Each structure stands twice: as structure tokens, then as C-alpha cells.
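The sequence and structure are shown first.

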Amino acid sequence: MICYGRVVNLTNSQRTMSASVAEQSGGVEEILESNLKGTELKEVYRILYGRQLKPIEFPADLTKLALEQNFQILGYVVEAEKEQCRGPRKVRIAAIQNAIVEPTTATVVQQRDAIHRRVGQIIEAAAQGGANIVGLQEAWTMPFAFCTRERLPWTEFAESAEQGPTTKFLSQLAKKHGIVIISPILERDESKDDVIWNTAVVISHTGNVIGKTRKNHIPRVGDFNESTYYMESTLGHPVFETAFGKIAVNICYGRHHPQNWMMYALNSAEIIFNPSATVNGLSEALWGVEARNASIANHVFTVAINRVGTEVFPYEFTSGNGKPAHKDFGHFYGSSYIASPDGCRTPGLSRTQEGVIIAEVDLNLCRQVKDTWGFRMTQRLDMYGEKISAAADPNYRPHLIREQ
């Protein structure tokens, strides 16, 4: 069944959130599966998501665990052609979307520790499902409070990327299960004047920190007032060589910039994670397209991760879009998915529920697609490098030809 492993119970954390969550649709997959069956449903999925992906058949005790702990678990297999000179390079990639657990009025430590416990349960389940690399959502340890523009208490969620409580917590899980974990946090750079960054920490299967990367592009749209907390990264486009493949992290708003994806791919990434926090009414029409397009254009696997739920804050805030003052950002619509360089993608997780999606992929597919389409040979980096450099000059004028 295409919908194998889909769990429809609400989580405890969702019950504590705004009633608007209950008013949200569960997503296109839920609607399709409620109205279509058999070959019709399969054909619609084929047209929407590319070739038919075989579901991962998880052990019965894992499916039961997800049901008891009230989160979704979905899994799919993305196969590559068999090669004569290389064996398969199979890796299981997992993406976790979560809601906050405690209300935003709880103490910082209460909120963070409750999320640690909840996401820790889901990471354990992902490991039981065979995951090798687990990606978490943007700023996963806290509510997405940047909309408020308030400093305290939200800046108190910031912590050291190397020695903070979140890295210590996840390092234990990574070592215990032999998995790589991508942990996007609000970083306090204690070595450089306590500056705050939007950072993703990459933790090895050994439990050691391999390194970190930071958000390259900061939004300035609607309630997304993040530039009042941190600036654009100066770390560039690092790629991390792990035991399970070369990975990169394109944090949230960077997905709107095709060059951002491209630079990670040029630096040899095979899997690019996109941990995000985005709401309906703003970006949902783009969500299912951008990471999939980036996967195709850059011959990599992409992992689109969005948080889920509605987070209500104590005080009203306003934004530059003329809307009345409000206490919530809107609904974070989840819908996390994994896309393949050959153009196919998995169905998404729910728009309203926490969950983990796992894809078993063969990394050989990255080179197979490069060879098939010849994109690397035809992309003309020399030409575009010259033109982009020229366009960056403040005195640049477009090459525009008008009728005489």
C-alpha cells in the first residue's frame, strides 16, 4: 500500500496548541487516499510524484510503537540501476517533523527538555527503522519565536554548537545507534563575543561533532523577522563527509535561491537537507516544488523538513504586511518529503501530525542521472560565473535589446 505506516492519531503536543490546527487539512495524500483506491490511486501518485516507490515494510513492533506514541512513520525505497563496476551504496535517510510540547509560556528549560524527550522518542524509532542519517527541522529545540522580535526569553534558547545541552543529548543517541544526526539550533557562538547564529550541527555516528554550517539567506518577509536575531552565514557551503555519504544543509529560506543548492552540489554533496519552518498562506505552493527541482537540477537527493502545528505566543506582534496584531505565526504545515535526482519523490508526512519519513536510497543514482542527462557537461559554469560576477557590480546594467 502507498499509505503503509500512516498513523492518524493526534499527538499530545498538538492537543495543547491552537484550535486552528484541528481545522487544517491533513494534506493531499490524505485527501487522495480517502477518495481513490487501487490502480486509480497508484496512477495519480505516479503522475504527481514520478515512478512508483516501493514502501518499506517496518517491523510490526515499530508500527505499534508509532501508534502508541502518536506519530507517523512512513518509508519508501528509491532504487538505482545495477552497475557492473560499483556495488550499491544504499543509505536510509530520515526526516523528522515535530511540534512544540509545552506552551510558549513555560520556562526555557521546560520547553527545550520536553522537546528533547519527544524528539528523542522519534529518533529512537527512526534508528529502529534502519535510519543511517537523521535530519531534524530548523530551530527544532524551541518555538519559532523570531516573529515576535522580542529578545528575552527567546535568545536564552541559544546554545553552544559544540558543547551545548542539545549537542550533548544528540551525541549520545548518535553513538548509541551509530547514526549521523543533523541538528539545526539557535547557536550562541561563545568563542566570538556570544554572537547568535542560525546553525546546523552535524554529529557523526561516533557521537563526535563533525562540524557546523549556518543559514546563508535570511528572510525579510511578513512575520519572518529573523534578521533582528542573526545575520547571514560567513561559512559558505561546506559539505560533510560522513560514513554514509556526503551531506550538506541548506537551511530554510536558502531553498528559494537556486545558486545556494548549486554550490553545495558543486562542493560534492550527495544529499542536501533543507530544515525549515514555514507556514501556510505564504509558501505552501512552493514547498513541493523547490526541493524536488533542486534535486533534479543538481543530481542529488534532497530532504525537505518542515515543522508542524500552530505556536501561540504570550504577546501580540505585528509585521510589515498590514495585518492586525496577532499572537501566532500561522500553521506550520509539515509535509516533509524526500526527493530523488531522477525526478521522483516520496509522498509527504501529514500537514498536522508529527512524524518521521525514511527513504532507503542508492547514492549511485546521483552519478547515473549525471551521466544520463549530461547536466554537468552542459551547465556552462564559465559563462555564468563571468555574468554573475558582472551582475554583482552596483553599476551593472541588464543586457536588454529594444526595438529601434
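## Tyrosine 333 and its surroundings

In this predicted model, the side chain of tyrosine 333 makes a polar contact with the side chain of serine 283, at 2.8 Å. Tyrosine 333 belongs to strand β13, which spans residues 326-333. Its relative accessible area is 0%, so tyrosine 333 is classed as buried, the limit being under 20%.

Beyond four places in sequence, tyrosine 333 touches Thr278, Val279, Asn280, Ser283, Glu284, Trp287, Asn306, Arg307, Ser350 and Arg351. The C-alpha atom of tyrosine 333 is also 8.9 Å from that of alanine 277, although these two residues are 56 residues apart along the chain.

## Aromatic pairs and clusters

A pair of aromatic rings is described by the distance of the centres and the angle of the planes. The model holds 15 aromatic pairs. In one of them, tyrosine 45 with tyrosine 49, the ring centres are 5.6 Å apart and the planes meet at 40°, so the pair is tilted. Both tyrosine 45 and tyrosine 49 lie in helix α3 (residues 38-49), where a spacing of 4 residues places them about one turn apart. Tyrosine 45 and tyrosine 49 are both buried.

Tryptophan 287, one of the residues touched by tyrosine 333, forms an edge-to-face pair with tyrosine 337, with 6.3 Å between the centres and 90° between the planes. This pair links distant parts of the chain: tryptophan 287 is in helix α8 (residues 284-298) and tyrosine 337 is in strand β14 (residues 337-339), 50 residues apart. Tryptophan 287 is buried at 4% relative accessible area, and tyrosine 337 is buried at 0%. Elsewhere, one aromatic cluster is formed by Phe144, Phe146, Phe224, Tyr229, Tyr230, Phe329 and Phe332.

## Arginines over aromatic rings

Which residue has its charged end over the ring of phenylalanine 332? It is arginine 307, at 5.6 Å from the ring centre. Phenylalanine 332 is a member of the aromatic cluster, and arginine 307 is among the residues that touch tyrosine 333.

Arginine 345 lies over the face of tyrosine 49, at 4.2 Å from the ring centre. Tyrosine 49 is also the partner of tyrosine 45 in the tilted pair.

In soluble globular proteins, nonpolar side chains tend to be buried together. The largest nonpolar core here has 34 residues, of which Ile133, Ile247, Ile271 and Phe273 touch the most other members. A second, separate core contains 31 residues, including Phe71, Ile122, Ile123 and Ile179.

## Helix α9

Buried residues of helix α9 (residues 364-373) are Asn364, Leu365, Cys366, Gln368 and Val369. The elements covering the buried residues of α9 include β2 (72-78), β11 (301-306) and β15 (355-362). Just after α9, glycine 374 adopts a positive phi of about 65°.

## Backbone features in loops

The loop between β4 (133-135) and α6 (165-177) contains proline 153. Leucine 152 and proline 153 are joined by a cis peptide bond, with omega about 5°. Arginine 149 is also placed in the loop between β4 and α6 and has a positive phi of about 65° despite not being a glycine. The relative accessible area of arginine 149 is 33%, so arginine 149 is partly exposed.

Aspartate 193, likewise not a glycine, has a positive phi of about 60°. Aspartate 193 is located in the loop between β5 (180-189) and β6 (195-203). Is aspartate 193 buried or exposed? At 71% relative accessibility, aspartate 193 counts as exposed.

## Confidence of the model

The mean pLDDT of the protein is 92, and 95% of its residues reach 70 or more. Over residues 1-19, however, pLDDT stays under 50. The model has 54 contacts beyond four places in sequence for residues 1-19. Where pLDDT is low, the predicted coordinates should not be read in detail.

Methods. Residues are numbered from 1 along each chain as its sequence is written. This is a predicted model: local features need pLDDT of at least 70, side-chain atom pairs count only at pLDDT 80 or more; totals for chains, interfaces and linings use all residues. Side-chain values use heavy atoms; hydrogens and water are left out. A nonpolar core is a set of buried Ala, Val, Leu, Ile, Met, Phe, Trp, Tyr and Cys residues joined through side-chain atoms within 4.5 Å. Buried means under 20% relative accessible area, exposed over 50%, partly exposed in between (1.4 Å probe, protein chains only). Rings of Phe, Tyr and Trp (its six-membered ring) pair if their centres lie within 6.5 Å; planes under 30 degrees apart count as stacked, over 60 as edge-to-face and the rest as tilted. Helices (H or I, at least four residues) and strands (E, at least two) are DSSP runs, numbered from the N terminus. A charge sits over a ring if NZ of Lys or CZ of Arg is within 6 Å of the ring centre and within 35 degrees of the ring normal. pLDDT is the predictor's confidence in each residue, from 0 to 100. Contact means heavy atoms within 4.5 Å. A polar contact is a pair of N or O atoms within 3.5 Å; within protein, one must be able to donate a hydrogen and the other to accept it, and residues adjacent in sequence count only if both atoms are side-chain atoms.
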